[in-house]
Amino acid sequence: MPVLSGVTFSVSAGEAVVLRGPNGSGKTTLLRTVAGLQPALAGSVVGEDVAYAGHADGIKGALSVRENLRFWADVFGMREVEGAMRAFDLWALRDRAAGHLSAGQKRRLGLARLAVTGRPLWLLDEPTVSLDAASVALFGDVLRGHLAGGGAALIATHVELGFEARVVDVAQFRAVAGALDGAWA
Amino acid sequence: MIRLVLRDLSLAVRAGGGFGLGLAFFLIVVVLVPFAIGPEAALLGAVAPGVLWLGALLACLLSLDRMFALDFEDGTLDLLACAPVPLEGVVAAKAFAHWITTGLPLVAAAPVLGVLLNLPVAGYGWVVVSLALGTPALSMIGAFGAALTVGLRRGGLLLSLLVLPLYVPTLIFGAEVARRGATGQGGEAPLLLLAGISLGAMALLPFAAAAALRINLR
């Protein structure tokens, strides 16, 4: 069943695009399609390698903060994890088991994972969930740094991240519900 | 990929990782069999190869549903699917890690437990060789079953039903190698077939399992 149709937009280097729309409007579906996790029913996604951060952070509670980041850095063929830990204020927690972190700290670790992938395009699905105001500001700084370095980001969020970003409203691409209702009648 | 194997191994040996679960189950089954069958040495010796193989197979089955389910629940599988490693390689790495944590301890424990079952002296080498060649097939076939059922809540029952029929050829030839070895006949012919099953599973099933994972991630 199509969720969205006629979606067309582009994200260029150094640019952040914010996806808006009410709950259930297809933001996550769109992000997962762009990430290549599910195929589009029609059309195509053209572009660079992406790093995806969904609702789940992919963190192993039995491993320490440093080991979690180390693993993802190795998977993506990168070396350096210390900078990401410092940028997300995780340095003091580096040897703590990730299972003992608070929800906000886990989220910061999940976002720090993006920084160690070395991928240019970040796909962020509600990145600020369970972050406090200071952490949101911290994340905004890291994101600005990423954009300034030629990166790009596609963000589904309801929160102001504190910088200029083009907004794409997903609701305008909703597949026509009336036509489907007719099909089932 | 090596990194993935190492991570799975370190997760397995830490608290709550499930390392030793299969081994403990194997131990319990084999220790209880003499109580159930009775102390008649000749009878025990005759069933020993089959009991060792059946115990190893069920012990392998026990830990299968954790193979992908944990990574699926915490989102790791989504992230690995976006990572620059082929999903086929992820499957192979996870099956290999499962074999090291489950299959290899069973291979090592089998000769010790053979003593409890009065396994004939000639059979020890054959039991170890047959388990060493057969358990990789159990892990790989199990990985395929786990990939098929990864998105399901309480998928363990379905997983067992799917995987057990696929385990039958491995069990037949594996137990046959051990039985022939223990009775002094050469076990080479079934051993070759067992090795063939293992190699076939390792060559083909990573692709099937990766395709199943892609569908389940949608």
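Predicted model: local features only at pLDDT ≥ 70, side-chain atom pairs only at ≥ 80, totals over all residues.
Which residues is Ile37(B) in contact with, leaving aside its neighbours within four places in sequence?

View 1. Beyond its neighbours within four places in sequence, Ile37(B) is in contact with Leu43(B), Leu44(B) and Val47(B). Ile37(B) lies in helix H2 of chain B, which spans residues 21–37. Ile37(B) has 13 other C-beta atoms within 10 Å and is therefore partly exposed, since the partly exposed class falls between the limit of 12 or fewer for exposed residues and that of 20 or more for buried ones.

**View 2. Ile37(B) and Arg3(B) in chain B.** In sequence, 34 residues separate Ile37(B) from Arg3(B). In space, the C-alpha to C-alpha separation of Ile37(B) and Arg3(B) is 45 Å.

**View 3. The side of chain A that touches chain B.** Contacts between the chains involve 19 residues of chain A and 19 residues of chain B. Strand S2 (50–53) and helix H2 (65–75) of chain A each contribute at least two residues to the side of chain A that touches chain B. That side of chain A comprises eleven nonpolar, five polar and three charged residues.

**View 4. Fold of chain A.** Chain A contains six helices and five strands, arranged from the N terminus in the order β-α-β-α-α-α-β-α-β-β-α. Its radius of gyration, 17 Å, is close to the 16 Å given by the globule rule for 185 residues, so chain A is as compact as a globular protein of that length. Along the principal axes, the C-alpha atoms of chain A fill a box of roughly 60 × 35 × 30 Å.

**View 5. Burial and contacts within chain A.** Of the 185 residues of chain A, 35% are buried. Among contacts in chain A between residues at least 6 apart in sequence, those joining residues at least 24 apart make up 76%.

Note on methods. Residues numbered from 1 in each chain as written. Chains lettered and ligands numbered in written order. Contact = placed C-beta atoms within 7 Å. Helix = DSSP H or I, 4+ residues; strand = E, 2+ residues; numbered from the N terminus. Nonpolar A, V, L, I, M, F, W, Y, C, P; charged D, E, K, R; others polar. Rg over C-alpha atoms; globule rule 2.2 N^0.38 Å.
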